[in-house]
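Biologist: I would like to learn how to read a model of this kind, one feature at a time. Could you take me through it, with the general idea before each case?

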Amino acid sequence: MRMSMSSALLTDHYELTMLEAALRSGAASRRAVFEVFARQLPGGRRYGVVAGVGRVLDALEAFRFGDDELAFLRDNRVVDEPTLEFLAGYRFRGDVRGYPEGECYFPGSPIMTVEGTFAEAVLLETVILSILNHDCAIATAASRMTHAAGNRPLIEMGSRRTHEAAAVAAARAAYLCGFSSTSNLMAGRVYGIPTAGTAAHAFTLLHDSEEQAFRAQLDSLGTGTTLLVDTYDVARAVRTGVELAGPALGAVRLDSGDLCEVAREVRAQLDALGAHKTRIIVTSDLDEYAIAALASAPVDGYGVGTSLVTGSGSPTAALVYKLVAREDADGVMRPVAKKSVGKPSRGGLKHAFRRLDASGTAVAEVVAVSAEPPTDARPLQVRLVGGGEVVGREDLAAARTRHRESVAELPVTAHQLSRGDAALPTVFD
């Protein structure tokens with residue numbers, strides 16, 4: 001999705017005051033390298049998933065200070081006139097490299113590297129982190145849910161549990177990581193994600209009887225529809241649904257109770273009524289743990305909402321954007337790093353590789369100063385922006401494929417749902 005409005009004010013006030021001070025000191029034009037990485041994986045996760053890169057590229061292209069943006073900054077005395085003049089002509093003309101969408105990452109992985117002048121690159125910090133922290137968190141939760149679900153499809157249906165714009169981004173991240181569809185129509189329009197949905201309890205309550213409601217839905221959507229059967233009495237609703245639709249009834253949805261037990265009872269009832277092909281879809285505040293617990297139940301698909309759009313307890317990926325190298329007065333690039341207690345960073349421009357064993361299983365994340373890949377590793381970073389021009393945009397289908405391949409090469413420990421260490425050690429070379 002290309003942004004139809006400027007993204008320049010999707011930033012923090014201090015980005016512009018730093019720019020003003022750097023323009024005054026003469027340091028704003030120094031070449032600089034910023035790096036996006038996570039010091040640790042939130043929630044004791046075993047791996048993270050890169051998502052939101054395409055949205056970052058859209059935001060970068062739209063990062064322009066037009067008349068309205070400049071007027072706001074001037075009227076509110078955010079920066080002085082020389083800085084406003086600089087911003088009026090602002091264009092990012094640097095380079096961006098990073099992990100492509102769908103790739104897994106680990107603590108210390110340089111998932112995005114931004115190179116340009118300090119003035120160019122510092123202004124992008126907030127919008128890049130805003131997008132990546134949200135989308136990576138959602139994608140990581142979605143990946144865990146997809147693995148827990150096995151071959152059973154998942155529908156993303158969390159729009160009512162988050163900000164309206166975040167809902168669209170969450171649907172994109174979930175689809176990238178294997179969800180089959182979304183309830184969000186804007187996500188369908190903007191990103192081409194398949195959409196799905198039938199009816200809520202309100203539709204049943206609207207009618208004088210459950211039978212009347214089911215008949216209306218079947219007349220409108222056909223016998224392949226999904227009937228919500230737990231508004232009143234589940235067994236009676238299942239019987240009514242099959243009587244009206246016949247054995248061709250597409251599916252029934254369960255949204256309450258002990259889903260495992262109720263699903264077994266409903267499956268037995270459907271089979272007894274001859275509706276052997278009618279599927280059972282379950283919803284009701286599912287997360288990866290609940291989905292895993294339903295693995296042995298006769299369930300055919302899941303609808304996930306609140307837990308997905310809130311990152312299943314980890315709503316941010318805890319990514320940071322740190323200056324790791326800058327040009328000195330002699331024109332030489334020097335590594336720089338924070339030494340803060342508990343928040344250190346590693347200086348220098350870095351390259352990332354994934355080391356594999358003879359069977360093709362990942363064994364380490366290698367972060368090195370050399371761009372030459374080790375013989376037993378594959379490169380992880382790709383060019384995203386060159387000279388200010390986007391060169392790394394791709395469609396979601398490619399990212400979905402990449403994610404399947406990236407997850408498949410991880411060791412089995414990566415898929416443990418319990419809290420623990422990252423599945424791969426990060427080796428700094």
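Biologist: Is Arg77 buried or exposed?

Modeller: Residues are sorted by relative accessible area, where buried means under 20%, exposed over 50% and partly exposed in between, with a 1.4 Å probe and protein chains only. Arg77 has 76% relative accessibility and therefore counts as exposed. Please keep in mind that this is a predicted model, in which local features need pLDDT of at least 70 and side-chain atom pairs count only at pLDDT 80 or more, while totals for chains, interfaces and linings use all residues. Residues are numbered from 1 along each chain as its sequence is written, and side-chain values use heavy atoms, with hydrogens and water left out.

Biologist: What is the phi of Arg77, and where does the residue sit?

Modeller: Most residues other than glycine have a negative phi. Arg77, although not a glycine, has a positive phi near 50°, and its place is in the loop between α3 (67–75) and α4 (81–88); helices here are DSSP runs of H or I with at least four residues, strands are runs of E with at least two, and both are numbered from the N terminus. Ala318 also has a positive phi, near 60°, and is found in the loop between α14 (306–309) and β12 (319–327). With a relative accessible area of 35%, Ala318 is partly exposed.

Biologist: How should I read the length of a helix such as α7?

Modeller: The expected span of a helix is 1.5 Å times one less than its number of residues. Helix α7 (residues 164–176) has 13 residues and reaches 19 Å from its first C-alpha to its last, close to the expected 18 Å. Most of α7 is covered, with 11 of its 13 residues buried, including Arg172, Tyr175 and Leu176. After α7 comes Gly178, whose phi is positive, near 115°.

Biologist: How many disulfides does the structure hold?

Modeller: A disulfide is a pair of cysteine sulfur atoms within 2.5 Å, and the structure holds zero of them. For Cys104, the closest cysteine sulfur is that of Cys177, at 8.1 Å, which is too far for a bond. Cys104 is buried, at 0% relative accessibility, and Cys260 is buried as well, with a relative accessible area of 17%.

Biologist: Which residues have the most contacts inside the largest nonpolar core?

Modeller: In soluble globular proteins, nonpolar side chains tend to be buried together. A nonpolar core is a set of buried Ala, Val, Leu, Ile, Met, Phe, Trp, Tyr and Cys residues joined through side-chain atoms within 4.5 Å. The largest one has 62 residues, and those with the most contacts inside it are Leu254, Val282, Ile291, Tyr302, Val304 and Leu308. This core lies between domain 1 (13–138 + 314–428) and domain 2 (198–299), because both give residues to it; the bounds come from an automatic or database domain assignment. Apart from it lies another core, of 52 residues, among them Leu73, Phe92, Phe118 and Ala352.

Biologist: What does Ile155 contact, leaving aside its neighbours within four places in sequence?

Modeller: Contact means heavy atoms within 4.5 Å. Ile155, in strand β6 (residues 154–156), is in contact with Phe179, Ser181, Tyr302, Gly303 and Val304, with those sequence neighbours left aside. The C-alpha atoms of Ile155 and Thr182 are separated by 5.4 Å, although the two residues are 27 residues apart along the chain. At 23% relative accessibility, Ile155 counts as partly exposed.
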